[in-house]
Amino acid sequence: MRAPGTAVVVGGGITGLATAALLAADGWSVDLLEQREEIGGRAGSWEADGFRFDTGPSWYLMPEVFEHFFAMLGTSAAEQLDLVRLDPGYRVFFEGRDEHLDIAADRDANIALFESVQPGAGGALAAYLDSARHVYDLAVQQFLYTSFESSASLLSANILLNGPRLAGLLTRSLESHVAARFADPRLRQVLGYPAVFLGTSPDRAPSMYHLMSWMDLADGVLYPRGGFTTLIAAIARLAEQHGARIRLGCTVEEVRTRPGGRRGRAVATGVTYVDATGTRTQLDADVVVGAADLHHLETRLLPQELQTYPESWWRKRDAGPGAVLALLGVDGALPELAHHSLFFTSDWRGNFDDIFGNATRVPDPASIYVCRPSATDETVAPAGKENLFVLVPVPADPGIGRGGDDGAGDPAVEKAVDAAIEQVASWAGVPDLASRVEVRRTIGPADFAEGLNSWQGGALGPGHVLKQSAFFRAGNVSRKVEGLFYAGYATRPGIGLPMCLISAELVLKRLREDRSTGPSSEPAA
């Protein structure tokens, strides 16, 4: 085990904060540098006229990952957050159909729902969820909490026993896996949509990811009252309680190195950053953790000869989707919408080809997502008003443009939002929705690129197609610079808040020289 020393963490999103907290709790002297004047990264917030919006993640899934993370810091999710179980977990609207489907908070109710839509689908869902749970448990114990340093992680008895099954799940698409079991197109869409959480489409995601359906159809969907900024604040608070120093307005310009590492490699010695006053400072450290966008870190903060993932590597990668976002403050109640609502187009394949295909464009109509946190949380909107977060998946392309306030964004962004508002109004039966919008702010792919240094303006990170999943995903350590580690959505294990927490733990495991495949041992209470 490496003795704790000094560490600098680059990036103040959830990954950077989690890494700073875990390292500080383990005895490291930690400085976290964030270029913006607020923490959170993608999980940010915006307020206007009494409305408070989360600007990023809005689904709280895999609660045991959060629980384990908090336990590593000597606390619990219950102590840090006020979690609410959503029922329905979410509502689904379908193009050309008057009726919607409400996905319930528990497995049995969803089995009954599937059976009511398609005779025999209830039993098929029960078997599907049993399989999903099995693969999910296998992933947690063998794949998610390992950086694949040792081949032993792939040669365990559990992996060898399940080898043929896993091979089939990796080489068959999620779309075909679902289609072989369910005939009704609505049920196929419900089971295929989790691919979007992974930054890809059902026909491009390996069927191994049917494990995602365990999370929302059986395990349920939670929400932290006060919004996801309460999660960010909790992790930042714990990091500081353990001694980490969080510095805002500090833009890192380079990772500093010296020669002399093993096998001719360089050695990380710290970073150079510019603070909010324009002062350039060198900060020494034994370890540097890049928790900001990996493309930016590799191609902008390191010279080419020290890049593990140079520009030529990125040209062969799948950037995942971009997003056009709308933050809408609405007058009056919107009972037609659940806390989470999904709107699925009938041309499912065409919609995804618009985003991920060779000739990309902003889909019209689009399969969109709408979050109405005011359905659950009275703190996010004034009395008698509603808070809506609208997400339109689009290609990862900064050329689509920036957003703005009150319709002042670039034309393609505002057009996509106008179409989404009209779509929600029509499909959910709220004909006067557009006239009731009092607050409007839009965000486009160029905002992700410029504000978060996001590669190609992507909203989530490199998609979980086969060549970017598990051990094929970017690693958590530089191969060219000793003492330089990576964490976040572009690295192992992947996209999503739980994965970001796990990636932070993988840095800790590397420093501890812990090659186990499951979660780290939690400290005694």
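Mentor: Let's start inside: the largest nonpolar core has 149 residues, and Val 30, Leu 125, Phe 182, Leu 231, Ile 235 and Val 271 have the most contacts inside it. Helix α5 (residues 121–144) gives the most to this core, with 12 residues. Keep in mind that this is a predicted model, where local features need pLDDT of at least 70, side-chain atom pairs count only at pLDDT 80 or more, and totals for chains, interfaces and linings use all residues. Residues are numbered from 1 along each chain as its sequence is written, and side-chain values use heavy atoms, with hydrogens and water left out.

Trainee: What is a nonpolar core here?

Mentor: In soluble globular proteins, nonpolar side chains tend to be buried together. A nonpolar core is a set of buried Ala, Val, Leu, Ile, Met, Phe, Trp, Tyr and Cys residues joined through side-chain atoms within 4.5 Å. Buried means under 20% relative accessible area (exposed is over 50%, partly exposed in between; 1.4 Å probe, protein chains only).

Trainee: Which residues is Ile 235 in contact with, leaving aside neighbours within four places in sequence?

Mentor: Ile 14, Leu 17, Ala 18, Ala 21, Phe 69, Phe 70 and Leu 501; contact means heavy atoms within 4.5 Å. There's also a second, separate core of 27 residues, which includes Ala 326, Leu 334, Ala 366 and Val 390.

Trainee: Why is helix α11 largely enclosed?

Mentor: Helices are DSSP runs (H or I, at least four residues), as are strands (E, at least two), numbered from the N terminus. Seven of the eight residues of α11 (residues 212–219) are buried, so the rest of the structure largely encloses this helix. Trp 214 and Asp 216 are among them. Just after α11, Gly 220 takes a positive phi of about 95 degrees.

Trainee: Where does Asp 318 lie?

Mentor: In the loop between α14 (311–314) and β14 (322–331). A salt bridge puts a side-chain nitrogen of Lys or Arg within 4 Å of a carboxyl oxygen of Asp or Glu. Asp 318 is buried without one: Arg 204, the nearest side chain of opposite charge, is 5.6 Å away. A polar atom of the Asp 318 side chain does lie 2.8 Å from the backbone nitrogen of Gly 320.

Key
Lys, Arg positive; Asp, Glu negative; His and termini not counted. Polar contact = N/O pair within 3.5 Å; in protein donor to acceptor, adjacent residues only side chain to side chain.
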